[in-house]
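Hi everyone, thanks for coming. Let's have the structure up on the screen, and then I'll walk you through a few places in it.

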Amino acid sequence: MQPPRTTKYLLRFDDLCPTMNWAVWSEIEAALMEHHLKPILAVVPDNQDPVLKVAPAVENFWERVRQWQARGWTIGLHGSQHKYTAEHAGILTLKKKTEFAGVSAGEQEEKLRRGVEIFERQGIKTRVWIAPNNSFDGTTVSLLPGFGIHIICDGYFRFPYVSPVTPSLSPSDGHRARERGWMTWVPQQLFCFRPAPPGIWTVCYHHNNWSAESVSKFREDLDCYGAEISSLDEVVQEWAGHSCRWSAFLCTSPRLSPLLIRCELKLWEWWRSGLIQAPVPMKADSNCRAG
Ligand SMILES: [Zn+2]
């Protein structure tokens, strides 16, 4: 049975690590709890990226992550060290800085193992992959199920889909062939809230550079869109077993898909404006940024 085609949003916060902007985060966290929302948090297991070092490291980082997990918030594996060591765009983006894409299967496997081991040592269970810089390749996808990861949150398309995971050519992973199976792909297309046609719209935030104004805009958006915000668990359950060739094609067509999504959002805005005979203010355009 087809899941209902309505507009739903997911919230995703990237780059969570001990040295992130905790002053802003405490305000975001309070707002999320007031609205009883369950976001996706992309946690870096062992951050070595100087760009993400914006505040003194907190001592109890993993205790905080365990608290988020206990609230039912989704913890995603955001790479291993968030360090761009290669130049390769991968399958979903045209950006060429990467921790994973184009890297040998053995090296990728080692990076994933290190990341997952840190999570496990800290009592964190994950089944979601969120690649640093959106950059990974078919080898990454084929390795993820071996680490218990069956959901990827990335790509420009509207409706989640499930696809079989094809084995990589790595000789070292033959023993995991039986553990493969299916991957659920959940899109991530927005960097701020805006009216959108039916689909699952993941709004991705990088809060390290937020101002007081960004925090109040975020609060306003939660007031406005809160009823349409769902959780990853709910979405994955709803779309279980749903395959879609069109979404799969778009997901791995990084030249076409962002353009198409922008057109769809624009058309939706025009259609809505005509329908209600007055321009609909675009909610957060001035604050929008990609990255
Ligand atoms: Zn990141």
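**Two helices side by side**

Let's start with a contact: Val-24, Glu-27, Ile-28 and Ala-31 of helix α1 meet Val-215, Phe-218, Arg-219 and Leu-222 of helix α5. By contact I mean that the C-beta atoms of two residues, placed from the backbone, lie within 7 Å. Sorted by type, the residues of this contact are 6 nonpolar, no polar and 2 charged. Here Ala, Val, Leu, Ile, Met, Phe, Trp, Tyr, Cys and Pro count as nonpolar, Asp, Glu, Lys and Arg as charged, and the others, Gly among them, as polar.

Before I go on, please keep in mind that this is a predicted model: local features need pLDDT of at least 70, side-chain atom pairs count only at pLDDT 80 or more, and totals for chains, interfaces and linings use all residues. Residue numbers run from 1 along each chain as its sequence is written. Helices (H or I, at least four residues) and strands (E, at least two) are DSSP runs, numbered from the N terminus.

Back to our pair. Helix α1 covers residues 22-34 and helix α5 residues 212-225, and they pack at about 10 degrees with their axes 10 Å apart. The axes are lines fitted to C-alpha atoms, for helices over the stretch in contact, and angles run from 0 to 180 degrees between N-to-C directions. So α1 and α5 are roughly parallel to each other, a label for angles under 35 degrees.

Next, the strands. Strand β2 (residues 40-43) runs parallel to β3, and 4 bridges join them; two strands pair if DSSP finds at least two bridges between them. The partner of Leu-41 in β3 is Ile-75.

Most residues other than glycine have a negative phi. His-82, though, has a positive phi near 55 degrees, and sits in the loop between β3 and β4. His-82 is buried, because 23 other C-beta atoms lie within 10 Å.

My last stop is Trp-239, in the loop between α6 and α7. Trp-239 touches Pro-3, Pro-160 and Thr-184, leaving out residues up to four places away in sequence. Why does Trp-239 count as buried? Because it has 20 C-beta neighbours inside 10 Å.

Key: A residue is buried if 20 or more other C-beta atoms lie within 10 Å of its own, exposed if 12 or fewer, and partly exposed in between; C-beta atoms are placed from the backbone. Angles under 35 degrees count as roughly parallel, over 145 as roughly antiparallel, 65 to 115 as roughly perpendicular and the rest as oblique.
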